Amino acid sequence: MPQEVGCCTKYFLFSFNILFWIIGLCLLGAGIWAWSEKGFFDNLTAISSLPIDPVLVVIIIALVMFLLSFSGCLGSLRENIFLLKCFSICLGVIFFAELIAGILGFVYKDWFHQQFAIFVNKTIKGYRDDPDLQNIIDFSQEYLKCCGGDTGVADWDNNIYFDCASNISFNDVFLKPAESCGVPFSCCIKLGTSNVVNTQCGYGLRDPGVTASEQVTKIYTSGCITQFGDWLKTNLYTVAGVFIGVALIQIVPICFAQNLISDIQAVKAGW
C-alpha cells in the first residue's frame, strides 16, 4: 500500500492539464474578441439567422476545455478527490458521447448525409451574412475543389446574391445583380501561378448561354458533400489516426486521474 501519492502521476496530470488550460484560455479570449469585433454583443438576435456561428463553436469548445483543465489541474495539485472525479466523469462522458455519435453516424449515414446536405444549403444561403462562414465555405471549396453542396453549382441558387432569378429594385427599375447566375471566386479553377485572386471569375458562369463543357474548364462543378466523401475515403488512415489521437488525449488523463484518486484514497486510509 503506497504511503504517499505518486509524484510522477500527480505532476504529469498537472502539466497535461495546465497545457490545455492555457490553450483553452487563449481560444476563449480569441473567441470573445472575434465575437465582439463582429458586433454580436450589440445585436445578439443576429445569431438566430445563421445555421451556426463558427466563433460561438470555438467559444463553447474553449470554455469546456478551460473548465475541465482547470478542475484537473487544481484537483491534481491540491489532491482533491472531488475535482479529480468531476474531471474524469466529464471527460468520460465527452468520450462516450463522441463514440456514440460515431456509431450512430455509421449506422444512420443516409440520414446524417441528408441532414448535412440541409445544413450546407443553409450555410450557402447565409454566405454573405457572416464573414467567418464565408471564409469557411471559400476554404472548403478551394481545398476540396468543389462548388455548392449536394447537387453542385445549382445550389448557389439558394443564395439571394447568386440566384439567377434575383432582381434589385432601384427607383422602380429592376436591375440584375452582378453576381446573379454566378458562383463565388472559390469555385473557380486556378490557372497559372499568379497569387492575385480574381474575385469576379465566377460571374455569369451559370447563365443559360454557358454550356456545361465551358463550365468545367472554368469552375469546379462537383458538389462539396460528394467531394468531402471522396476525400474521407482517400485519407481514411489519416482520419482514423486523428480520431485515435483524440481518443488517447481523453483516455490517458482519465487513467492518470483514477490512478491518482486511488493513491490519495490509499494514503488517507493509512492515516
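These legends go with close-up views of a predicted model. Local features need pLDDT of at least 70 and side-chain atom pairs count only at pLDDT 80 or more, while totals for chains, interfaces and linings use all residues. Residues are numbered from 1 along each chain as its sequence is written, and side-chain values use heavy atoms, leaving out hydrogens and water.

**View A. Cys146 pairs up with Cys224.** The S to S distance is 2.0 Å, and a disulfide here is a pair of cysteine sulfur atoms within 2.5 Å. At 85° about the S-S bond, the link is right-handed. Cys146 sits in the loop between α5 and β1, Cys224 in helix α7 (residues 224-234), 78 residues apart; helices (H or I, at least four residues) and strands (E, at least two) are DSSP runs, numbered from the N terminus. Both cysteines are buried, where buried means under 20% relative accessible area, exposed over 50%, and partly exposed in between (1.4 Å probe, protein chains only).

**View B. Cys164 is bonded to Cys181.** Their sulfur atoms are 1.8 Å apart. The torsion about the S-S bond is about 100°, so this disulfide is right-handed too. Cys164 is partly exposed at 27%, whereas Cys181 is buried at 3%.

View C. Asn159 counts as buried because its relative accessibility is 0%. Leaving aside residues up to four places away in sequence, Asn159 touches Ile124, Lys125, Tyr127 and Arg128; contact means heavy atoms within 4.5 Å.

**View D. Cys8 is in no disulfide.** The nearest cysteine sulfur, that of Cys7, is 7.0 Å away. Cys8 is exposed, at 67% relative accessible area.
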